[in-house]
Amino acid sequence: MNFVPSAVKAEEWGISQRRVAILCKEGRVPGAELVGNRWFLPTDAVKPEDPRKAKKNEH
């Protein structure tokens, strides 16, 4: 499996590196690994859904 730094996924997903790190820490990005103090994500990782937005769509 190939990995990329969180900065690459942050730019791809249009969110901050900090937000990517939070998603990884919460276990919402399968396959993400913490190496030292940097998160690395699988190249094929997809952005997790925002549960706040899912609630708004239900109404």
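Visitor: Leaving aside its neighbours within four places in sequence, which residues is V20 in contact with?
Guide: This is a predicted model, and in it V20 touches S6, A10, W13, I15 and L41 once those sequence neighbours are set aside.

Visitor: Thanks! And what makes up the largest nonpolar core?
Guide: That core has 11 residues in all, and V20 is one of them. Its members are A10, W13, V20, A21, L23, C24, V29, A32, W39, L41 and A45.

Visitor: Which elements give two or more residues to this core?
Guide: Those are α1 (6–13), α2 (17–25) and β3 (38–42).

Visitor: And where does the largest share come from?
Guide: From α2, which supplies four residues.

Visitor: Let's switch to the sheet. What is the order of its strands?
Guide: The sheet is open, with three strands in the order β1-β3-β2 and antiparallel pairing.

Visitor: Why is one side of β1 and of β2 left without a neighbour in the sheet?
Guide: Both β1 (3–5) and β2 (33–35) stand at the edges with a single partner strand each, so one side of each has no neighbour there.

Visitor: How much does the sheet twist from one strand to the next?
Guide: The average is 40°.

Visitor: How many bridges join β1 to β3?
Guide: Three, and the two strands run antiparallel. For a spot to look at, find P5: its bridge partner in β3 is F40.

Visitor: Last one: where does α1 lie?
Guide: Look across β1 and β3 and you will find α1 there, running at about 80° to β1.

Technical notes. Residues numbered from 1 in each chain as written. Predicted model: local features only at pLDDT ≥ 70, side-chain atom pairs only at ≥ 80, totals over all residues. Heavy atoms only, no water. Core = buried A, V, L, I, M, F, W, Y, C linked by side-chain atoms within 4.5 Å. Buried < 20%, exposed > 50% of the residue type's maximum accessible area, 1.4 Å probe, protein only. Contact = heavy atoms within 4.5 Å. Pairing = 2+ DSSP bridges. Axes fitted to C-alpha atoms, helices over the stretch in contact; angles between N-to-C directions.
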